Amino acid sequence: MARSSGSTGPTLAVVAREAGVSVPTASKVVNGREDVSPETRRRVTEVLDRLGYIRRPRRETPRPAAMVDLVVHSLDSGWSGAVLHGAAEAAHEAGLEVVVSAAATRGRSGPSEHGWPDKLYARGSSGVLFHLTELAPAQHSWLDEHRIPFVMIDPAHDPPPGVPSVAAANWQGGMAATEHLIELGHRRIAVIGGLGRAVRDGGRVAGYRSAMAAAALPVPSAYVRYGDITEAGARHRMAELLDLPEPPTAVFVCSDQMVPGVYQAAGERRLRVPRDISVVGFDDLPQARWITPALTTVRQPLSEMAAAALRTLLRLMMTGEIPEAIRTELSTRLMVRSSTAPPLRVLL
């Protein structure tokens with residue numbers, strides 16, 4: 001028995017909270033898995049019955065010619081092409097059709113087109129991949145209510161409880177970027193993050209701090225700046241760094257999208273990259289290769305992340321079970337190009 005489109009009721013996250021278990025454990029009980037203790041099964045079942053949770057039937061395979069939606073923030077962003085490529089290839093291998101939508105956003109609220117959820121439901125999509133900063137709570141509730149599985153790709157903020165996501169190893173990438181600068185001889189290294197409260201940027205900045213601590217290098221509070229993932233914001237943050245009494249000789253920028261602003265701020269002070277200041281980015285967007293000088297950056301495997309998210313979504317569509325590992329992280333790789341060099345004087 002499936003919940004009708006107009007019905008309301010508790011989500012699996014609510015059931016898990018009431019029963020005092022994790023969402024994956026509650027999912028196991030709902031789907032009849034054996035690897036749950038009798039006491040836990042009893043407790044979860046009592047909550048399911050008390051709250052009136054309606055179980056949906058398990059499907060061994062998705063319905064024929066299953067369709068999935070891929071919702072990206074914008075089709076003209078540097079990330080969307082790589083995400084679309086990875087998702088489309090994985091969908092083709094699985095025999096799925098993909099419908100791509102660009103979701104205009106209002107702040108951080110997710111898709112703002114009022115009819116978007118209804119259109120998704122009307123065309124019978126079996127699941128959704130989201131490549132957005134985060135998902136609006138109302139849309140999460142709508143998808144959960146209608147039993148439409150979904151997976152987040154590279155969310156900037158923590159997804160709601162029980163929502164699977166695939167992301168890059170941000171801490172690893174931030175550490176690798178900073179270690180590269182340290183190995184070149186830099187000692188005064190700053191970082192410019194994007195959204196200050198974003199888990200994604202927080203991981204990158206944490207990797208920077210770990211590398212600095214491992215090298216016993218100080219991190220003055222003035223060396224840690226946050227912008228808004230725009231060229232203009234990065235330009236202002238870089239100008240602030242260069243105005244310090246002891247400006248950095250190198251900077252780790254947490255998104256390639258901000259790097260042109262960093263280059264502009266340096267140029268306005270007649271500083272050359274990398275002769276006067278070294279710059280490392282993060283993402284390895286196409287612009288990293290054609291910007292001058294070519295950008296040393298951390299490659300996050302966007303296509304691979306999208307493909308992994310599609311495979312996770314397919315498992316959700318087939319079994320209805322939430323995976324044990326809610327968050328999957330794929331390794332990053334440092335791409336050394338022309339924007340980094342030893343400092344003019346090695347500071348002791």
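His180 counts as buried, at 10% relative accessibility, where buried means under 20% relative accessible area, exposed over 50% and partly exposed in between (1.4 Å probe, protein chains only). The model is predicted, so that local features need pLDDT of at least 70 and side-chain atom pairs count only at pLDDT 80 or more, while totals for chains, interfaces and linings use all residues. Residues are numbered from 1 along each chain as its sequence is written, and side-chain values use heavy atoms, with hydrogens and water left out.

His180 is part of helix α7, residues 170-183; helices (H or I, at least four residues) and strands (E, at least two) are DSSP runs numbered from the N terminus. When residues up to four places away in sequence are not counted, His180 touches Val280, Thr296, Leu334, Val336 and Thr340, contact being defined as heavy atoms within 4.5 Å.

The largest nonpolar core comprises 40 residues, and those with the most contacts inside it are Tyr208, Met238, Val251, Phe252, Val262 and Val279. Such a core is a set of buried Ala, Val, Leu, Ile, Met, Phe, Trp, Tyr and Cys residues joined through side-chain atoms within 4.5 Å. Two or more residues are given to this core by each of α7, β6 (189-193), α8 (199-214), α9 (231-242), β8 (250-253), α10 (259-268) and β9 (278-283). The most, five residues, come from α10. Val262, leaving aside neighbours within four places in sequence, is in contact with Ile192, Ala234, Arg235, Met238, Val251, Val253 and Val279. Apart from this core lies another, of 27 residues, among them Leu96, Val166, Ala307 and Ala309.

The structure holds 17 salt bridges, each a side-chain nitrogen of Lys or Arg within 4 Å of a carboxyl oxygen of Asp or Glu. In one of them, Arg50 pairs with Glu18, with the closest N and O atoms 3.5 Å apart. This pair links distant parts of the chain, 32 residues apart, Arg50 being in helix α3 (residues 38-51) and Glu18 in helix α1 (residues 12-19). Arg50 is exposed, at 54% relative accessible area, whereas Glu18 is partly exposed at 41%.

Within helix α3, Glu39 and Arg42 are three residues apart and therefore separated by about one helical turn; their side chains form a salt bridge of 2.4 Å, N to O. Glu39, Arg42, Arg43 and Glu46 are linked in a network of salt bridges.

A further salt bridge joins Glu246 and Arg188 (3.9 Å, N to O). Because Glu246 lies in the loop between α9 and β8 and Arg188 in the loop between α7 and β6, the pair ties together parts 58 residues apart in sequence.
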